[in-house]
Amino acid sequence: MRKLLLLTGLLLAAPLFAAVEDDVKAAENAWLTGITKNDFRKLETVLAEDLVYLHSTGVMDSKASYVKSLQSGKQKYVSGKINELKVRVYGTTAVINGDANFEFVTDGKPGKAHLKYTHVFVKGGKGWQLVSHQSLKVAD
């Protein structure tokens, strides 16, 4: 009987886990839309104040410096396509491992990159917010 109750509980909880994962994916998409469309409202919501953003070049940004580089045009993402996402949720923390392709302009120079990356989101008063980004370039 205990096993049956446990199994029933797990089956009932499965949709809740899927809904949380969908919320995290929505936050990930808000980040992508924010950087590719210069949607600073979205970025204000989805980026945590204590964000640590480690680019594939080794440059490290805070939320303020990252947004400033986007607003000034120093960094511009022309397009971004997420190829694969793996989402793991641990209570109010979520870890995403992703694979994506980006076209960008940095300091006036166009470029392309195939990236593997890790995002850490934490759920708080503003919803799921990105607290850590780390990426690395993949040789094609």
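Predicted model: local features only at pLDDT ≥ 70, side-chain atom pairs only at ≥ 80, totals over all residues.

A residue is termed buried under 20% relative accessible area, exposed over 50% and partly exposed in between (1.4 Å probe, protein chains only). Residues are numbered from 1 along each chain as its sequence is written, and side-chain values use heavy atoms, with hydrogens and water left out.

Three helices and six strands are present in the chain, where helices (H or I, at least four residues) and strands (E, at least two) are DSSP runs numbered from the N terminus. Their order from the N terminus is α-α-β-β-α-β-β-β-β.

The structure contains four aromatic pairs. Rings of Phe, Tyr and Trp (its six-membered ring) pair if their centres lie within 6.5 Å; planes under 30 degrees apart count as stacked, over 60 as edge-to-face and the rest as tilted. Two of the pairs involve Trp31:

| Pair | Geometry | Centre to centre | Angle between planes |
|---|---|---|---|
| Trp31 and Phe102 | edge-to-face | 6.2 Å | 75° |
| Trp31 and Tyr117 | tilted | 5.9 Å | 45° |

Trp31 lies in helix H1 (residues 2–36) and Phe102 in strand E4 (residues 93–106), 71 residues apart. Tyr117 belongs to strand E5 (residues 109–124), 86 residues from Trp31. Trp31 counts as buried because its relative accessibility is 1%; Tyr117 is likewise buried, at 4%. Ring pairs join Trp31, Tyr77, Phe102 and Tyr117 into a cluster.
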